[in-house]
Amino acid sequence: MTKKVFLFLSFFALGFVTSQISSRYDIQVVSNANADVAGMDSSDLRRDRDFRRAVERIVEDCSVSGSVDVDGEWMYGGDISC
């Protein structure tokens, strides 16, 4: 077995074990992001046309199109293309 393959498998195994431990003990490596702008939560911001236009201007060559239905924390039916 070459050193590169051994190194790859070692890092993969370490990542897998770390993932299992963090899931088992409910450890969050990355915290949840919460949006709150002008009293609007993330669901309101997804529906707000002015906010969507501002995001499109900031993120170069990207657009948000289609109707967006928000169900809980997830966005369905919309399309973001860059």
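A residue is called buried when its relative accessible area is under 20%, exposed when over 50%, and partly exposed in between, with a 1.4 Å probe and protein chains only. By this rule Asp79 is partly exposed, because its relative accessible area is 42%. The model described here is predicted, so that local features need pLDDT of at least 70 and side-chain atom pairs count only at pLDDT 80 or more, while totals for chains, interfaces and linings use all residues. Residues are numbered from 1 along each chain as its sequence is written, and side-chain values use heavy atoms, with hydrogens and water left out.

The predictor's confidence in each residue is given as pLDDT, from 0 to 100. The average pLDDT of the protein is 78, and 77% of the residues score at least 70. Confidence is highest in H1, at 91, and lowest in strand S2 (residues 69-71), at a mean of 57. Where pLDDT is low, the predicted coordinates should not be read in detail.

Helices (H or I, at least four residues) and strands (E, at least two) are DSSP runs, numbered from the N terminus. The protein contains 3 helices and 4 strands, arranged along the sequence in the pattern α-α-α-β-β-β-β. Of the 82 residues in the protein, 9% are buried. A contact means heavy atoms within 4.5 Å. Among contacts in the protein with a separation of 6 or more, 16% are between residues 24 or more positions apart.

Ser22 is located in helix H1 (residues 3-24) and counts as buried because its relative accessibility is 16%. A polar contact is a pair of N or O atoms within 3.5 Å; within protein, one must be able to donate a hydrogen and the other to accept it, and residues adjacent in sequence count only if both atoms are side-chain atoms. The side chain of Ser22 makes such an approach to the backbone oxygen of Ser19, at 3.0 Å.

Asp26 follows H1 and is placed in the loop between H1 and H2. Its phi is near 55°, a positive value in a residue other than glycine. Most residues other than glycine have a negative phi. Asp26 counts as exposed because its relative accessibility is 65%.

A salt bridge is a side-chain nitrogen of Lys or Arg within 4 Å of a carboxyl oxygen of Asp or Glu. The count is 1 salt bridge. Asp44 forms a salt bridge with Arg47, with 3.6 Å between the closest N and O atoms. Both residues belong to helix H2 (residues 42-47) and are 3 residues apart, about one turn of the helix. Asp44 is partly exposed, given its relative accessible area of 32%.

Ser63 is in strand S1 (residues 63-65) and is partly exposed, at 31% relative accessibility. Apart from neighbours within four places in sequence, Ser63 is in contact with Glu56, Asp79, Ile80 and Ser81. The C-alpha atoms of Ser63 and Arg52 are separated by 8.7 Å, the residues being 11 apart along the chain. Asp79 lies in strand S4 (residues 79-81). Between the C-alpha atoms of Asp79 and Ser65, 14 residues apart along the chain, the separation is 5.3 Å.
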